[in-house]
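Thanks for asking me to look this one over. Here are my notes, in the order I would read them with the model open beside you.

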Amino acid sequence: MIQLKAPEEIEIMRKASVIVAEVLAELRAMVRPGVTTEDLDRMAEELTRKKGAVPAFKGYEVANRVFPASLCVSINDEVVHGIPSAYRVLREGDIVGLDFGVRYQGFYGDAAITVPVGKVSAAATELMKTTRDALQAAIEEVRPGRRIGDVSAAIQATAERNKFAIVREFVGHGIGRRLHEDPQVPNFGQADRGIRLREGIVLAIEPMLTAGGPEVRVKEDGWTAVTSDGSLSAHFEHSVAVVQGGPYVLSLL
Ligand code: MG
């Protein structure tokens with residue numbers, strides 16, 4: 001069931017999402033060769049608690065598996081849900097996905113970016129740009145009267161036009177008093193299908209594209225999703241409210 005948010009609830013979600021965006025901006029500035037993914041995780045948690053919020057992913061449970069960290073850090077062929085580690089060091093040429101969420105005054109915010117480490121390949125840059133463009137095209141569809149299929153189709157069209165594959169196993173989601181709410185927001189689909197968007201719906205839209213095939217598998221740690229063919233993957237996410245007058249991107253600074 002879709003939980004509609006009142007305007008004052010959306011404003012609390014805006015504050016939660018700004019905290020997410022501020023933390024991601026700090027982490028982006030930290031990204032360089034030699035930094036460990038645990039360094040990023042520790043900074044994310046510290047900054048969040050200083051701002052009076054709680055990291056949303058730490059302790060998050062799916063089918064009896066508990067996510068052990070505040071930040072998901074997914075490098076190169078890792079698509080999403082990478083677990084930070086003191087032994088995982090960023091290297092020149094990597095691309096690193098940072099996915100972060102917080103709870104603040106009873107509401108969640110969720111966003112993700114993919115960041116180059118030093119100088120990266122032209123192919124990696126193109127993949128990141130297309131994934132960001134796909135998210136932007138999807139955000140343009142977040143208006144009263146449009147449908148979920150319009151959002152999904154915008155992502156698919158952007159990916160296919162640029163010859164990148166779409167990961168289908170993971171989807172965007174509604175967000176609010178819970179991190180994951182209805183409706184699901186697939187990263188592929190047909191325009192003019194699915195539920196109709198109306199004021200008060202808030203969506204976390206999160207395209208994941210790869211430079212190879214669309215297939216993914218989950219590693220032995222039970223969390224980290226990687227591309228089956230080892231190809232690069234990028235992920236961008238924003239929390240976006242449906243309001244009169246156009247998309248309201250809550251996680252934009
Ligand atoms: Mg999300």
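1. **Confidence.** Please keep in mind that this is a predicted model. The protein chain averages a pLDDT of 98, and 100% of the residues score at least 70. Confidence is lowest in strand β2 (residues 61-62), with a mean of 92, and highest in β15, at 99.

2. **Overall build.** You will find four helices and 17 strands in the protein chain. Its radius of gyration is 17 Å, close to the 18 Å that the globule rule gives for 253 residues, so the chain is as compact as a globular protein of that length. Along the principal axes, the C-alpha trace spans about 45 × 40 × 35 Å.

3. Of the 253 residues in the protein chain, 53% are buried. The chain exposes about 11000 Å², with carbon and sulfur atoms supplying 50% of that area. Among contacts with a separation of 6 or more, 71% are between residues 24 or more positions apart.

4. **The metal site.** Which residues coordinate the magnesium ion? They are D110 (OD), H173 (NE2), E206 (OE) and E237 (OE), at 2.1 to 2.4 Å. In sequence these donor residues follow the spacing D-x62-H-x32-E-x30-E. H173 lies in strand β9 (residues 172-174), while E237 sits in the loop between β15 (233-235) and β16 (238-243), so this pair ties together parts that are 64 residues apart in sequence. Both H173 and E237 are buried.

5. **Helix α2.** This helix covers residues 37-50, and its 14 residues reach 20 Å from the first C-alpha to the last, close to the 20 Å expected at 1.5 Å a residue. Its buried residues are T37, L40, D41, A44, E45, L47 and T48. What covers them includes α1 (7-30), β1 (54-55), β4 (71-75) and β6 (95-104). Just after α2, G52 takes a positive phi of about 80°.

6. Is L71 buried or exposed? Its relative accessibility is 0%, under the 20% cut-off, so L71 counts as buried. Leaving aside residues up to four places away in sequence, L71 touches L27, L40, D41, A44, G82, P84, L98, D99 and F100. L40, D41 and A44 in that list are also among the buried residues of α2. L71 and L98 are 27 residues apart in sequence, and their C-alpha atoms are 6.9 Å apart in space.

7. Not counting residues up to four places away in sequence, P68 touches K58, I83 and W223. P68 and K58 are ten residues apart in sequence and 5.5 Å apart in space, C-alpha to C-alpha.

8. **Where to start.** If you have time for two views, I would open the magnesium ion with D110, H173, E206 and E237, and then L71 with its contacts to L40, D41 and A44.

Note on methods. Residues numbered from 1 in each chain as written. Predicted model: local features only at pLDDT ≥ 70, side-chain atom pairs only at ≥ 80, totals over all residues. Heavy atoms only, no water. Helix = DSSP H or I, 4+ residues; strand = E, 2+ residues; numbered from the N terminus. Expected span 1.5 Å × (residues − 1). Buried < 20%, exposed > 50% of the residue type's maximum accessible area, 1.4 Å probe, protein only. Contact = heavy atoms within 4.5 Å. Donors = N, O, S within 2.8 Å, 3.2 Å for Na, K, Ca; no water. pLDDT = per-residue confidence, 0-100. Rg over C-alpha atoms; globule rule 2.2 N^0.38 Å. Areas by Shrake-Rupley, 256 points an atom, 1.4 Å probe, with all protein chains shown as cover.
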